Every structure is written in structure tokens, then in C-alpha cells.
Amino acid sequence: MRPRPGPDDLRRTFEAVPPRTSRDDEPFADSWWGRAWVSALESLSMDGGRLARGRAYADSGKVAAITITPGRVVAYVHGSRPRPYRAELRLRPFTDPDWNTFLDAIAAHPGHLAALLGKEMPHSLVDTATGAGVRLLPAGDDLDPGCSCPDHGRPCKHVAAFCYQTARLLDADPFVLLLLRGRGERELIEELGRRNAAHEARERPAAPATPSVPAREALADRYLPPLPAPLPVQPYPGESPSYPSLPGARDPLALDHLATDAAARAHTLLTTGRDPLAGLTAWQDAVRLAASRPTAGLTATTRALYRELAYATGRTTTDLARAVAAWRQGGAAGLAVLEIPWDPPAGPFDRARPALAAADFPRFQPWRNRLTHPDGTFQLRFGNDARWYGYESEPGEDDWWPRAAPDTDPVGALMELVGS
């Protein structure tokens, strides 16, 4: 199950999983904490038949998306009627003192946090918290089921079905159980970072006292040697370090891309005194980043980058691909030609149609800064930089894509476009 993006850290919704087949003697969960959840569910019921039907419902894919919020799990389960039933399960969230005790238990042992980031729930963490009076894993009397079906069993087969599926969620991510107890993953990791730092500071030996210096000696005139000459500027930016892939860390490919881009920008500033990205909008910078990837086919990494940049700027990946083609055609000026029609003053634009006619091309149709071939396959766009940019579309589609290099001569731009 993969979670859908939620509006905040306290709500996670997981898509339904496809049907599967499990034997009655096969544990429904793989992890020990997932099996503890199943045991709590099964201890809640005195009716093994309802649990068996709930397990069959879970195996056959009758459980729709599952939503987890503090103290509650909700899902819609398909039964014998066309309309699904709304089933839910409540679990008491921790109080603030409970959380303080539990978080202190994690911060006291750095390995606990590393295990959680690796999606593991250590036995020792649960045992330590339980010994301090905080029970993380539920028992049967902690669970309060409810369902819109007419069956008053505790639980009914619909609640049992989505509880079995919830065990799979716990297998994959123990932070789901912590969310049920009241706090989201991002908040917990930030708080644990602060507590770990405070714990290390308490354990670190005190620094030796700094020896004092008399003010007269500190302010006395002294000779300082001149600074050494700056190192020569290298012809190319240096390579960025490699970033390992660690649980809970940032994507190493994204970090590598940002570091490489920052190095190139710093090198340009150092050698020219100008910032190559000054004045770019967020959209222009996203297009520039995408255009810096290799052009010989989109790799999986590049496709992922396109999706992330398109999502961050509110555009589609097709919009981004078209903009990348325009950027490679003419940089920021080429992108402006793609997106902003304008009315050129009298001059080069007016002389373009006679020049094309003199070169035996058919009569192009003008609109603002654009000249379109009569059959709708080629188009020339006049940019603010006084260059002509070639565009191409399938006949009758009005789906224009930048093609070929720009030229100050409309005939040359069209010849380049036709021959490309």
C-alpha cells in the first residue's frame, strides 16, 4: 500500500491493495508488531466465524482506501450490498505525559531512532516504554470498533477485514501506529532530533576553561603577514561529492543535482561577476533545471525530475517538455517566444512575408508576432531579440513545438525548420 499525499502530518490515506490468497494458518502480518495488532483484534472477538469472513474479505480485495488519523482508522468495505459500509476503529491517543515518556525512551538510545527510520519497531523500545507505564501496542480492550452495517458483532466482518489490512500497513511503516497514538512522522522526527541533541549535550564532558588574555596584550600592535594570493580559478566547476542513500535521508540524486547546479552557478559568479540565474522566475528556473538533463531519451531519473518540477510549478509534464524544447532553442528568450505573443513594431516583421514570397514559399498567415504556413504544419515566431524561431505541428492540431535553431533571417529560419 502506498499513501496518498495528505494535507498535513496527521492524516494519511492508503490506496486499496489488490486481492491475494493467504492460508488460515499463515500469519496475516510479517512483523512482530503487525502480528501483535492482529492478536489484539482477534482477542476482541469471541466469534471465529466473523474473523474468518473478515480475513476472506481482506484477501479478496473488498477493503477500499484506509485513512489513518490520531485515534481512528476509517475504511469503506464492500459487502453483500452495492453500497459499501463505513467501518472504523478507535484507539486511545497518548496524553502529553505519555509522549514525553515514550520520546525520552527513544532519545536515550540512538539505535531506537535509527530503527524507526528504517521502518522497524525494536522490541527493546516497546519493552522500555511499557516498563515506564506507556503501552504502545494495543490489547483487545483498547480497540473500539464501529460499522454502518446491521451486524452488531464486536467486531463485525467489515471491521475485521480492514483491521487485517491495517496490519499490512503497520508491517511497512510503524509510524502508522504512532500516528494512531496521536503524532505524525514529521513532528516526531523533529522532536526526536531536538531531544537527541539535548541528550548528547548532557552526556558530553564539559569543555576546559578558556585561558584569559590581558586586554593590553590583546590590543597591542602586531605585525600580520599579508594574505596569500588567491588560488587560480579552475576552467570548470569541481565535481560534487557522492551522497549515500540512507533511510529517512533526502534523495541522493536530487542532492547531487542541486550540488552540481550550485557549483556551476558559483563558478560563473567567480569568473564573470554575474549571477546566471538572477531574475529567473520559479517556472523559468524549473525549465532550466529540466533542460540541463541529457537529451538522448528520458531516463527514469529524468522522468522523476520532470514530474517533481511540473508538480512544484503547477504545470503538466507535457508543458514542461515543450518549455524545455523552447529553452534549448533559445534560453529565456526562446521560452518567452513560446509563451508570450506580442505585437512587433513596424520593420523586420513586416518585411518577412515579402522575403518568404520571394523565396517561393506560399503566403504565410500573420497573427501578432507569428507567421503560419497555410497547411498548418510550420510556423515562424518573431522574438524580442529580433530572431525568428521555427515551430512545427501536425496538420490541423494547433499543437506547436519548437524546432531547429533561431535565425535573424526568416527565410534561413524556415529552411532550417523544413530541413530539420
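**Exercise 1.** Which residue in strand 3 is the bridge partner of Phe14?

*Solution.* A word on the model first: it is predicted, so local features need pLDDT of at least 70 and side-chain atom pairs count only at pLDDT 80 or more, while totals for chains, interfaces and linings use all residues. Residues are numbered from 1 along each chain as its sequence is written, and side-chain values use heavy atoms, with hydrogens and water left out.

Step 1: find the strands. Helices (H or I, at least four residues) and strands (E, at least two) are DSSP runs, numbered from the N terminus. Two strands pair if DSSP finds at least two bridges between them.

Step 2: strand 2 (residues 12–14) pairs with strand 3 in the antiparallel sense, over 3 bridges.

Step 3: the partner of Phe14 is Ile66.

**Exercise 2.** Follow strand 3 to its other neighbour and carry on from there.

*Solution.* Step 1: strand 3 and strand 4 (residues 72–77) run antiparallel, joined by 5 bridges. Val63 sits opposite Val77, and Thr69 has Arg72 as its bridge partner.

Step 1: look at the turn. This hairpin has 2 residues between its strands, and Gly71 takes a positive phi near 80°.

Step 2: go on to strand 5 (residues 85–91), which pairs with strand 4 over 6 bridges, again antiparallel. Here Val77 stands opposite Tyr85.

Step 3: check how enclosed strand 3 is. Of the 7 residues in strand 3 (residues 63–69), 6 are buried (under 20% relative accessible area; exposed is over 50%, partly exposed in between, with a 1.4 Å probe and protein chains only). So strand 3 is largely enclosed by the rest of the structure.

**Exercise 3.** Asp30 and Asp173: is each one buried or exposed?

*Solution.* Step 1: Asp30 is in the loop between strand 2 and helix 1 (32–44). With 65% relative accessibility, Asp30 is exposed.

Step 1: leaving aside neighbours within four places in sequence, Asp30 is in contact (heavy atoms within 4.5 Å) with Arg35 and Asp171. Asp171 is 141 residues away along the chain, yet the two C-alpha atoms are separated by 6.3 Å.

Step 2: Asp173 lies in the loop between helix 6 (157–172) and helix 7 (175–180). Asp173 has a relative accessible area of 7%, so it is buried.

Step 3: not counting residues up to four places away in sequence, Asp173 touches Arg12, Lys119 and Glu185. The side chains of Asp173 and Arg12 make a polar contact at 3.1 Å. That term means a pair of N or O atoms within 3.5 Å; within protein, one must be able to donate a hydrogen and the other to accept it, and residues adjacent in sequence count only if both atoms are side-chain atoms.

**Exercise 4.** In what order do the strands of the open 5-stranded sheet come?

*Solution.* Step 1: the order is 7-8-9-10-11, with antiparallel pairing. Strand 7 (365–367) and strand 11 (401–402) are the edges, each pairing on one side only.

Step 1: zoom in on strand 9 (residues 378–382) and strand 10 (residues 388–392), which 5 bridges join. Phe378 has Glu392 as its bridge partner.

**Exercise 5.** Which residues of helix 14 meet helix 15?

*Solution.* Ala352, Ala355 and Leu356 in helix 14 meet Pro410, Val411 and Leu414 in helix 15.
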